[in-house]
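Please keep the structure in view while reading.

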Amino acid sequence: MPDGSNQMAVTVYIPTPFRRLAGNQTYLKAEGRTVGEVLDALGSEYPGLKDMIYDEADEIPGHINIYINNQEVHSLQGKETPVNDGDEMAVIPAIAGGAALTPEQVDRYSRHIIMPQIGPVGQRKLMEAKVLIVGAGGLGGPAALYLALAGVGTIGIADFDVVDLSNLQRQVLHQTGDVGRKKTESAKETLLSYNPDVNVVIHNTPLTSDNAMEIIPQYDIVVNGADNFTTRYLVNDASYFAGKTLVDGSILLFDGQATVFVPGHGCYRCLFPAPPPPGLVPNCAEAGVLGALTGVMGSIQAIEVVKQILEIGDSLVSRLLLFDALSMEFRVVKLRQDPKCPLCGDDATITELIDYEGFCGAPFPGGHDGIQVS
Amino acid sequence: MAIEVKLTANLQKLAGGARSVQSEGATVAEVLEDLERRHPGLRDMVVADGQIHRFVNIYLNDEDVRFLGQLNTPLKEGDVLSVLPALAGG
């Protein structure tokens, strides 16, 4: 071992394609005085990784970009670039046949890339991320829209409903000519017209206990924009079982609520142990909702997703954000994991998806065999 | 003990449209009793059989009273209670 006096501890981000070569870790710690020394240290610990970051001539191959604090090292001193304690390094492979980011992508995402909290490395993280939007409606619309604009690589849309004229007062993914079309198809067309770079996957089916564990595990993060309690409890439980972060939002009249559930740090059942009896808390169709409120809350959900992907800032985990549009007040209250929670508490009794129609005591809004998610 | 109680829009119709109502009480339960006198029907939206509905949370300032003393949570002058039912809309 060197004496260590000049050794700097660096955090190295490992992207998805290389993670299996690095013990399935997203971040590695390594020491060295220069970029080359840090890479050597990584290579000796993870030989498989070394084969990827060095070619036969022991040089970094052209299809690999190394970033130090979001700056590509070719523009610095290459392998000789000195590193400092606490620096963040990233090893980013080119995507098939191109640079890590194409010139068009650098241009399109430039307002994100120039921010030090995002940079080219963060942009790559966004482009690798897979986010499921439950409900292509008031909340799912703006959430999906901003995630697509940000270049989130894969956006899944789960909805079985068709566009109704009464949706257009708030649901920005659909336009007048879309009335009668499937919401998933209308949503996909809109998102791709904003950003053809994004892969939009549609799940044109009611989300149920039968398919939730097939669909949700395909994604990294779930956004809840459902319009009924049955789907909300289903999505909560399925996200927990799949180990996925759930970015929750809900709205009624002039009120909005948003939070983030990370498995082990509280869930929807910790917040609301049981749904109201049918009819006691009206839905938007019965009571109404301010259209622009959906834009605020859906955007907040998109922000929380982006922060989760980039691993920046303080998320709404363990906090519930309340927005009252009439008083124009945002407030934050504490959200605790309930040790008595039947899903994620100490003596959990729910170990698989249950009969949500029975639990919620109400027929599914979508009909006898479907859950309406809009 | 003067306590401010904030209501979500869905509950405001039971309080004459007020977003925030003044109340009196030394505990959450006493405030709810006082509210019921002033705005009949409001308490039933929040409690049944001496328990807070499981789809409604009451916050004392920023803390869920379920993790404090439930309906027996003591209050002090100037406290703010927020009554928050689950919302399903998306």
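## Helix 7 and helix 13 of chain A

In this predicted model, the axes of helix 7 (residues 140–149) of chain A and helix 13 (residues 291–310) of chain A come within 7 Å and cross at roughly 45°. Helix 7 of chain A is therefore oblique to helix 13 of chain A, given that angles under 35 degrees count as roughly parallel, over 145 as roughly antiparallel, 65 to 115 as roughly perpendicular and the rest as oblique. Helices (H or I, at least four residues) and strands (E, at least two) are DSSP runs numbered from the N terminus, while axes are lines fitted to C-alpha atoms, for helices over the stretch in contact, with angles from 0 to 180 degrees between N-to-C directions.

From helix 7 of chain A, residues including A:Gly140, A:Pro142 and A:Tyr146 meet residues of helix 13 of chain A, among them A:Gly295, A:Gly298 and A:Val305; two residues are in contact if their C-beta atoms, placed from the backbone, lie within 7 Å. The residues of this contact divide into six nonpolar, seven polar and no charged, where Ala, Val, Leu, Ile, Met, Phe, Trp, Tyr, Cys and Pro count as nonpolar, Asp, Glu, Lys and Arg as charged, and the others, Gly among them, as polar.

## Helix 7 and helix 8 of chain A

Helix 7 of chain A also packs with helix 8 of chain A, at an angle of about 30° and with the axes 9 Å apart, and the two are therefore roughly parallel to each other. The contact is made by A:Ala144, A:Leu145, A:Ala148 and A:Leu149 of helix 7 of chain A and by A:Ala187, A:Leu191 and A:Tyr194 of helix 8 of chain A. By class, this contact has seven nonpolar, no polar and no charged residues.

## The sheet of chain A

Eight strands of chain A form an open sheet with mixed pairing, in the order 8-7-6-9-10-11-12-13; two strands pair if DSSP finds at least two bridges between them. Strand 8 (199–203) and strand 13 of chain A are the edge strands, each pairing on one side only, and the twist averages 15° from one strand to the next.

Strand 9 (residues 221–224) of chain A runs parallel to strand 10 of chain A and is joined to it by four bridges, with A:Thr245 as the bridge partner of A:Ile221. Helix 10 of chain A packs on the sheet, touching strand 6 (130–134), strand 9, strand 10 and strand 11 of chain A, and its direction makes about 165° with that of strand 9 of chain A. Helix 8 (residues 183–194) of chain A lies across strand 7 (154–158) and strand 8 of chain A, running at about 175° to strand 8 of chain A.

## Chain B and the interface

In chain B, five strands form an open sheet in the order 2-1-7-5-6, again with mixed pairing. Its edge strands are strand 2 (20–24) and strand 6 (63–64) of chain B, whereas strand 1 (residues 2–7) and strand 7 (residues 80–85) of chain B pair in the parallel sense over four bridges.

Between the chains, 37 residues of chain A are in contact with 18 residues of chain B. The residues on the side of chain A that touches chain B divide into 21 nonpolar, ten polar and six charged.

## Conventions

Residues are numbered from 1 along each chain as its sequence is written, and chains are lettered from A and ligands numbered from 1 in the order in which they are written. As this is a predicted model, local features need pLDDT of at least 70 and side-chain atom pairs count only at pLDDT 80 or more, whereas totals for chains, interfaces and linings use all residues.
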